[in-house]
Amino acid sequence: MESELKDLNSNSNPPSSKEDRPLLKSESDLAAAIEELDKKFAPYARTDLYGTMGLGPFPMTENIKLAVALVTLVPLRFLLSMSILLLYYLICRVFTLFSAPYRGPEEEEDEGGVVFQEDYAHMEGWKRTVIVRSGRFLSRVLLFVFGFYWIHESCPDRDSDMDSNPKTTSTEINQKGEAATEEPERPGAIVSNHVSYLDILYHMSASFPSFVAKRSVGKLPLVGLISKCLGCVYVQREAKSPDFKGVSGTVNERVREAHSNKSAPTIMLFPEGTTTNGDYLLTFKTGAFLAGTPVLPVILKYPYERFSVAWDTISGARHILFLLCQVVNHLEVIRLPVYYPSQEEKDDPKLYASNVRKLMATEGNLILSELGLSDKRIYHATLNGLFCKS
């Protein structure tokens, strides 16, 4: 999200004349302008005690709590989290030391657009088992360090929806007259709403899937090797040449591979394409649904009293600092049954994505919104302009 904010700052042109500038004569004018923006761009608005962009104002009691946490919780949690990250990096380094990474097809265009694959997620055997199990365990430990001591998971039953979306197993009569249970289809992707970078930690602890990430992530110290062990699909930018599959094409191939091959890494996708404040569900992109394979919908909710872990209108450093200051953080997970598309949904990925979205909104009590990333950029740019002029 930090990169998004940087792009917004660079792309947004400040008014050049006094006539173009909003006349914010007082703090009440600024507050009214922000309130109006928050209503218009509700899926991205922060409604917690810490306010828009995490800038407050804070009550005296909250300032005292933050001051105490800064000298007690924050140093301890920082040291523990860095130790866990270093430990897992060392595990990944040791168990991939004499293994060559899997390299998928690299696609380029003349100007340098790249979708590139280099991972250790296609490894097999006991080394891969150690990497996955230690990764899941340490991800959960890291969440514990961040204050997520309990994670409530629920799996609602959807037997009433069997006609349109059957259960994962079915029983038929074979030629000998004996009952034969069909092998359940493996979901091609896990799809989830997107609230925070903490979503990734939870999914790592639950199923250790691969993600779509920027190419630069694979080059980062410590995190780079871990992302390769996850099997991340690296993208540099969307290519423009007609013969270039781009991100959607590459994701489609990975979804099909995960569906048909049990040894292939499962891919985790956030079809909204960006984060929200956790109360809304944006329009889904079709990348996870193009292959027409079953998907596993997962809904994440972060109840809060003081600080919302939603990563919107707040800098990364400020967000992490406030997160570490919270004694207890909460996470609720709703894991829906595998969604099996009808033939009509297979033929129409937009319909498939829309139906899964509506189901997730109903089961997660989320509000559907037609806003997208472009609206979010406008909201952030306008907020930055208002605070710069105040």
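Arg306 forms a salt bridge with Glu62, and their closest N and O atoms are 2.6 Å apart. A salt bridge here is a side-chain nitrogen of Lys or Arg within 4 Å of a carboxyl oxygen of Asp or Glu. Arg306 lies in the loop between β13 and α9 and Glu62 in helix α3, so the pair ties together parts that are 244 residues apart in sequence. Glu62 is buried, with a relative accessible area of 2%. Arg306 also counts as buried, at 19% relative accessibility. Buried means under 20% relative accessible area, exposed means over 50%, and partly exposed lies in between (1.4 Å probe, protein chains only).

The model is predicted: local features need pLDDT of at least 70, side-chain atom pairs count only at pLDDT 80 or more, and totals for chains, interfaces and linings use all residues. Residues are numbered from 1 along each chain as its sequence is written, and side-chain values use heavy atoms, with hydrogens and water left out.

The chain has twelve helices and 15 strands. These elements are DSSP runs, numbered from the N terminus: helices are H or I of at least four residues, and strands are E of at least two. Of the 390 residues in the chain, 48% are buried. The chain exposes about 20200 Å², and carbon and sulfur atoms supply 57% of this area. Accessible areas come from the Shrake-Rupley method with a 1.4 Å probe; for residues, only the protein chains shown count as cover. Among contacts between residues at least 6 apart in sequence, 75% join residues at least 24 apart. A contact means heavy atoms within 4.5 Å.

The largest nonpolar core holds 54 residues. Such a core is a set of buried Ala, Val, Leu, Ile, Met, Phe, Trp, Tyr and Cys residues joined through side-chain atoms within 4.5 Å. Tyr88, Phe146, Phe148, Leu198 and Tyr302 touch the most other members. The elements that give two or more residues to this core include α3 (60–71), α5 (126–145), α6 (198–206) and β14 (331–335). Helix α4 gives the most, with seven residues. Not counting residues up to four places away in sequence, Tyr88 touches Ile131, Ser134, Gly135, Leu138, Phe208 and Ile226.

Helix α7 contains Ile226, one of its buried residues. Seven of the eight residues of α7 are buried, so this helix is largely enclosed by the rest of the structure. Gly224, Leu225, Ser227, Lys228, Cys229 and Leu230 are also among the buried residues. The cover over them includes α4, β4 (118–119), α5, α6 and β10 (233–235). Gly231 follows α7 and has a positive phi, near 85°.

The count of salt bridges comes to six. One of them joins Glu35 and Lys39, with the closest N and O atoms 3.9 Å apart. Both residues lie in helix α2 (residues 27–40), four residues apart, about one turn of the helix. Glu35 is partly exposed, with a relative accessible area of 46%. Lys39 is exposed, at 59%. Glu257 forms a salt bridge with Arg254, and here the closest N and O atoms are 3.7 Å apart. These two residues are three apart in helix α8 (residues 246–260), about one helical turn. Glu257 is partly exposed, with a relative accessible area of 22%, whereas Arg254 counts as buried at 6%. An α-helix has 3.6 residues a turn, so residues three or four places apart point the same way.

Aromatic pairs number 15. Rings of Phe, Tyr and Trp (its six-membered ring) pair if their centres lie within 6.5 Å; planes under 30 degrees apart count as stacked, over 60 as edge-to-face and the rest as tilted. The rings of Phe307 and Phe322 have centres 5.7 Å apart and planes at 70°, so the pair is edge-to-face. Phe307 lies in the loop between β13 and α9, and Phe322 lies in helix α9, 15 residues apart. Phe307 counts as buried at 3% relative accessibility. Phe322 is buried too, with a relative accessible area of 6%. Tyr50, Phe58, Phe307 and Phe322 form one aromatic cluster.

Arg215 lies over the face of Tyr234, at 5.4 Å from the ring centre. A charge sits over a ring if NZ of Lys or CZ of Arg is within 6 Å of the ring centre and within 35 degrees of the ring normal.
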